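The plan is to look things up one at a time and jot down what turns up.

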Amino acid sequence: MTPVYIVAEIGCNHNGDFLLAKRMVDEAHKAGVNAVKFQTFKADLLISSIAPKAEYQIKQTGNAESQLEMTRKLELPYEEFIKLEEYAKSLGLDVFSTPFDLDSIDFLASRQQKTWKIPSGELLNLPYLEKIARLPIVGKKIILSTGMATIEEITLALEVLNLNGMSQTDITILHCNTEYPTPFEDVNLNCIAGLKQTFSEYKIGFSDHSPGYFAGIASVPFGISLIEKHFTLDKNFDGPDHKASVTPDELSLLCKGIRAVEKSLGSHIKQVTNSERKNKVVARKSIVAKSNIQKGELFTLENITTKRPGNGISPMAWYDILGRHAERDFSEDQLIEHTGFTAQEI
């Protein structure tokens with residue numbers, strides 16, 4: 001299988017601090033991710049002055065300031081993003097950012113960004129979808145997050161992208177729940193299978209907002225191609241997303257867990273693996289002499305039994321051996337041999 005592509009969502013968890021953002025890139029790289037992702041926006045183009053905070057934002061940051069005032073403090077200047085982009089690439093990481101307004105699309109397009117993440121909140125933003133889909137960038141890929149969406153709404157967004165030049169093979173649909181953090185009972189990993197069936201021409205991924213790294217690892221057997229996970233250096237930092245993010249240690253465990261599960265999936269065929277083959281002779285049993293047996297003596301319940309090792313006649317031939325005559329002498333614990341019966345294949 002193709003390895004799952006792991007994205008550390010730095011988002012706005014840098015709190016507008018360039019040095020903090022750079023440290024986050026370093027920690028994400030150490031954890032083993034494939035890419036880091038930021039969020040690019042001008043708060044005044046994203047949020048109106050009357051927009052309320054989400055419930056989770058109030059819980060994390062209080063209600064003394066508006067959503068607009070809160071978000072202004074989380075902006076990362078374009079020139080600082082460029083420095084972070086170059087730094088992440090120097091470490092061998094892929095790097096991209098989600099634009100949240102049309103001006104930010106233009107900026108990221110000027111950087112020839114190839115991967116474009118459409119967040120759940122923009123799923124039904126027609127001019128936004130059209131603008132990204134029409135960008136004349138060679139090798140452009142789109143990742144479409146689907147939190148809060150119905151199948152009908154996802155289909156509608158995909159139609160817009162397809163009609164404006166995007167092919168199905170260049171779009172990844174992310175299963176997502178837009179609550180921070182998402183209660184485990186609302187993660188709904190089985191929906192991934194449903195999305196794979198409904199949108200069989202598309203790759204399916206997972207944007208995980210649940211606590212910790214459990215759901216992320218558990219999503220791998222569902223056949224995801226990509227996983228995105230919010231990441232922070234400290235869950236107690238001020239800001240709306242830190243509590244729903246993983247720490248560096250948790251991100252590292254997520255990466256290691258995903259890679260371990262990928263190796264563990266194997267095939268649908270039950271077969272003896274190379275690693276266990278050598279243990280068959282040790283763990284299985286053969287028919288052996290329970291006591292000394294003389295040539296010509298009948299094999300009975302009193303003089304034969306089954307014991308390890310498993311390189312003699314299989315116990316599955318038990319009733320075929322009982323009542324036969326010993327063809328030679330056997331001492332106690334010796335493997336029984338008899339014409340017509342072969343040793344077990346090891």
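Predicted model: local features only at pLDDT ≥ 70, side-chain atom pairs only at ≥ 80, totals over all residues.

Next I checked the length of helix 5 itself, residues 78-90. Its 13 residues should span 18 Å at 1.5 Å a residue, and I get 19 Å between the end C-alpha atoms, which agrees.

Which residues of helix 5 are buried? My list reads Tyr78, Phe81, Leu84, Glu85 and Ala88. They cover an arc of only 115° around the axis, so they sit on the same side of helix 5.

As for what the buried residues pack against, I wrote down helix 1 (18-31), strand 2 (35-40), strand 3 (94-99) and helix 6.

**Helix 8, looked up the same way**

Helix 8 covers residues 151-163. I find 13 residues in it and a reach of 18 Å from first C-alpha to last, close to the 18 Å expected at 1.5 Å a residue.

The buried residues I noted in helix 8 are Ile154, Ala157, Leu158, Val160 and Leu161. Looking down the axis of helix 8, I see these buried residues fall within an arc of 155°, so they line one face of the helix. On the other side of helix 8, I marked Glu152 and Leu163 as exposed.

**Helix 6 against helix 7**

For a pair of packed helices, the description I want is the angle between their axes and the distance between the axes. Helix 6 (residues 102-110) and helix 7 pack at about 10°, and their axes are 10 Å apart. I therefore put them down as roughly parallel to each other.

Helix 6 makes the contact with Leu102, Ile105 and Asp106, while helix 7 brings Pro127, Tyr128, Lys131 and Ile132. Sorting the residues of this contact, I counted five nonpolar, two charged and no polar.

**A strand residue: Thr172**

I picked Thr172, which is in strand 6. Is Thr172 buried or exposed? With a relative accessible area of 8%, Thr172 is buried. Leaving out residues up to four places away in sequence, I have Thr172 touching Ile142, Ile143, Leu144, Lys203, Ile204, Gly205 and Ser225.

I went looking for cis peptide bonds. One joins Tyr180 and Pro181, with omega about -5°; Pro181 lies in the loop between strand 6 and helix 9. Another runs from Arg308 to Pro309, with omega near 10°. I placed Pro309 in the loop between strand 10 and helix 14 (318-321).

Asn15 has a phi near 55°, and its place is the loop between strand 1 (5-11) and helix 1. Asn15 is partly exposed, at 25% relative accessible area. Gln112 also has a positive phi, about 55°, although it is not a glycine. I found Gln112 in the loop between helix 6 and strand 4, partly exposed at 46%.

**Last entry: Leu301**

Where does Leu301 lie? I traced Leu301 to the loop between strand 9 (286-289) and strand 10 (304-307). Its relative accessibility is 51%, and the cut-off for exposed is over 50%, so Leu301 counts as exposed.

Setting aside neighbours within four places in sequence, I have Leu301 in contact with Lys290, Trp318 and Leu322. I checked the spacing to Lys290 as well: Leu301 and Lys290 are 11 residues apart in sequence and 8.8 Å apart in space, C-alpha to C-alpha.

How values were computed: Residues numbered from 1 in each chain as written. Heavy atoms only, no water. Helix = DSSP H or I, 4+ residues; strand = E, 2+ residues; numbered from the N terminus. Expected span 1.5 Å × (residues − 1). Buried < 20%, exposed > 50% of the residue type's maximum accessible area, 1.4 Å probe, protein only. Arc of directions from axis to C-beta. Axes fitted to C-alpha atoms, helices over the stretch in contact; angles between N-to-C directions. Parallel < 35°, antiparallel > 145°, perpendicular 65-115°, else oblique. Contact = heavy atoms within 4.5 Å. Nonpolar A, V, L, I, M, F, W, Y, C, P; charged D, E, K, R; others polar.
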